[in-house]
Amino acid sequence: PRPMSATSRAPAGVIPIMALHVAFGVCYFLTAQEVLNMKLVAPSAQPLTGMIYCADAVSSFVSYARERRVRATMGTPTSSSTSRAGFPRVALALPVFDLCGLTCAFEAMRALGGPLYQTLSGLLIPFSALLSSVFLSRTFTSRQITAIAIVLGGLAVKAGDALTSDATVDARGVVIAIAATVFYGFRGLTMEYLSKSATPLSGNAQTMLMGCSGLAAFAAYTMSRTARDVDGLVWAYYNARERDTREVAKVLFGNMLSRAFMVKMMMAIVTRAGATQLALSNAIRSVGVITFSHVFFCANDSRQCLNAQGALSAAMVVIGGVAYALGGAKSTSSSSSSASSSKSRSKSTAAKPSTKITPAPSLRRRSARRS
């Protein structure tokens, strides 16, 4: 891969995108937890995986159709540089990392509960920074390193509280959560590389690739596993309790809609600020998920409850995430001032030859007077 810029700078416009990413992400995870609590089908049927990839595929095709319509009205060509230069082979790894990470994430949520999984997913921050520095030659300012340390400290507070509580922790769920972090880290690295490589792949094209590949994998899994025992894996669970079809449809549609918008914001963050910024945005989103899980699910599940350590963890994560987003502001201004000074120097050097030529007319006038 080509080396990136010497210093990683987060543009100021990424903060509103992060806010939208956090808002849609909180809605996405809360509705996903509600789907798991409903037990509509057997866990082995992987219902959330199919819903998510269906949402990604549909939203990417809608965005693609909208882009073609806009280009047709403006009269611009629809062919991209990627189609002329060829499809990058590294993009084939993107749906693999995404599918493995998503499957492990939902298994970890089912085993550990939402708050503990969200806390363990904070390991994605140092892992993404390590991958970006090793594979993309990205460096970070001292402010950004300090912000990462603050976020990790906040997540450590929550993790220590969860591990020292009286409730038992599933070791298998912890291993699966760490595996999800590793897969998501390589997914973020691949997305950042594809966005800034010599043959860039747009965010919508990456979403379409992940959505269609994941949906095809889910269809193959359903035909080979779930279709063999529909009565035992689907209807036995769905008919186990009385359900309001309208409420179920609202939760499912809300989950798919929030997922679609969250992915759009995710790709915008990676394109503008890189995978480490996305990991920090995910950490702030985790704080929102933990907080609202206490509000909606604590009465029925003690794993979802929030205490004083959780509140302190939330404050540290938010402060660190915002500090990282603003960590490159000073270096950006200094670079702009150095650029302006270099421009002024070039102008002054360009003006020097004109000052040397001006004495020539005076010499001619003196020679004419002497003659």
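Visitor: Where does Asp 56 lie, and why is Asp 56 called buried?
Guide: Asp 56 lies in helix α2, residues 47-74, where a helix is a DSSP run of H or I with at least four residues, numbered from the N terminus. Its relative accessible area is 3%, and buried means under 20%, exposed over 50% and partly exposed in between, with a 1.4 Å probe and protein chains only, so Asp 56 counts as buried. This is a predicted model, in which local features need pLDDT of at least 70 and side-chain atom pairs count only at pLDDT 80 or more, while totals for chains, interfaces and linings use all residues. Residues are numbered from 1 along each chain as its sequence is written, and side-chain values use heavy atoms, leaving out hydrogens and water.

Visitor: What makes Phe 292 and Phe 296 a stacked pair?
Guide: Rings of Phe, Tyr and Trp (its six-membered ring) pair if their centres lie within 6.5 Å, and planes under 30 degrees apart count as stacked, over 60 as edge-to-face and the rest as tilted. The centres of Phe 292 and Phe 296 are 6.5 Å apart with the planes at 20 degrees, so the pair is stacked.

Visitor: Why is Phe 296 called exposed, and what is Phe 292 called at 39% relative accessibility?
Guide: Phe 296 has a relative accessible area of 53%, and is therefore exposed, whereas Phe 292, at 39%, counts as partly exposed.

Visitor: How are Phe 292 and Phe 296 placed in helix α12?
Guide: They are four residues apart in that helix, residues 275-297, and are therefore separated by about one helical turn.

Methods. Helix = DSSP H or I, 4+ residues; strand = E, 2+ residues; numbered from the N terminus.
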